[in-house]
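Entries follow in the order I made them.

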Amino acid sequence: MTSRRDELAAGLDRVRGRIDRACREVGRVPEEVTLVVVTKFFPASDVRLLAQLGVTDVGENRHQEAEAKARECADLDLSWHFIGGLQSNKAAAVAAYADVVESVDRPKLLGPLARGAGERELRVLLQVSLDPPGAVHRAGVDPAGLSTLAAAVGDHPRLELAGLMAVAPLGEDPADAFARLAQVRHAFLTDHPSATVLSAGMSGDLEQAVAHGATHVRVGSAILGPRPVIL
Ligand SMILES: *Cc1c(COP(=O)(O)O)cnc(C)c1O
């Protein structure tokens, strides 16, 4: 019988192999890509096993679940990435345990995030919407609004503008979406040369994201298995 640890180790091996191959195909080195394992819906015991297996970064998208898990795993040397939609009334609480907030998409979040970070430095990524104009809006700031939002981050000394995050829209070839993202990022780096993080790519499209410059991929189900369906 395979243990959960064996399952997770096998999933990690597969995904690390995919990242290695994706890098090699485009002349990048795997060290340039950080694997953020998305542990949402899975228990703290899985986070613990992943840490034992060498995982350094975990991602969560729901505040209450993330807060509880971060507390249970406080003894582990992990970076916690908050990757979900963020309500401004929860932002300060998220900043208290998150090391990186990847889903910053409006200025209203910045004050509470800075307050919640307290004396710590909090890294933030601006989530860019890759939806074509006129699509039903999902999360993220429109590329046209990016520089205003980035400037607003500069008003908060505790917030470090680390880069950009995006999710490929459903119903479009992710390679096309990530090609657009690479252009947006190229322009963004001209004004913010130290904001080099690009978080893009999930279980289904990490290869395309790596090909377009992702420095961080956020992978859940390809490592942990299918998430329970929530009705
Ligand atoms: C859930 C989630 C992921 C991981 O998705 P998988 O398809 O399970 O790899 C990545 N990014 C965000 C923003 C998510 O919410």
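I looked up which strands (DSSP runs of E, at least two residues, numbered from the N terminus) line the largest cavity: β4 (100-104) and β5 (122-127) each give at least two residues to the lining. This is a predicted model, where local features need pLDDT of at least 70, side-chain atom pairs count only at pLDDT 80 or more, and totals for chains, interfaces and linings use all residues. Residues are numbered from 1 along each chain as its sequence is written, and side-chain values use heavy atoms, with hydrogens and water left out.

I noted the terms: on a 1 Å grid over the protein atoms alone, a cavity is a set of points where a 1.4 Å probe fits but cannot get out, a pocket is an open set with protein on both sides within 12 Å along at least five of seven lines, and lining residues have an atom within 4 Å of a point.

I listed the lining of the largest cavity as His81, Val100, Glu102, Arg123, Leu125, Ala162, Val197 and His216. By class I got 4 nonpolar, 2 polar and 2 charged residues there. Its volume, the space filled by probe spheres set on the points, is about 40 Å³. I counted 1 cavity of 30 Å³ or more.

Next I turned to the largest pocket, which holds about 440 Å³ of space. It is lined by 23 residues, of which Lys40, Ile83, Val167, Met202 and Arg218 are the closest to its centre.

Where does the ligand sit? I found the ligand in the largest pocket (more than half of its atoms lie within 2 Å of the grid points). The residues around the ligand (a heavy atom within 4 Å) include Val38, Ile83, Met202 and Gly220.

I then checked polar contacts (pairs of N or O atoms within 3.5 Å). A polar side-chain atom of Lys40 is 2.7 Å from a ligand oxygen atom, and for Arg227 I also read 2.7 Å. For Ser203 the distance from a side-chain N or O atom to a ligand oxygen is 2.5 Å.

Terms used: A polar contact is a pair of N or O atoms within 3.5 Å; within protein, one must be able to donate a hydrogen and the other to accept it, and residues adjacent in sequence count only if both atoms are side-chain atoms. Helices (H or I, at least four residues) and strands (E, at least two) are DSSP runs, numbered from the N terminus. Ala, Val, Leu, Ile, Met, Phe, Trp, Tyr, Cys and Pro count as nonpolar, Asp, Glu, Lys and Arg as charged, and the others, Gly among them, as polar.
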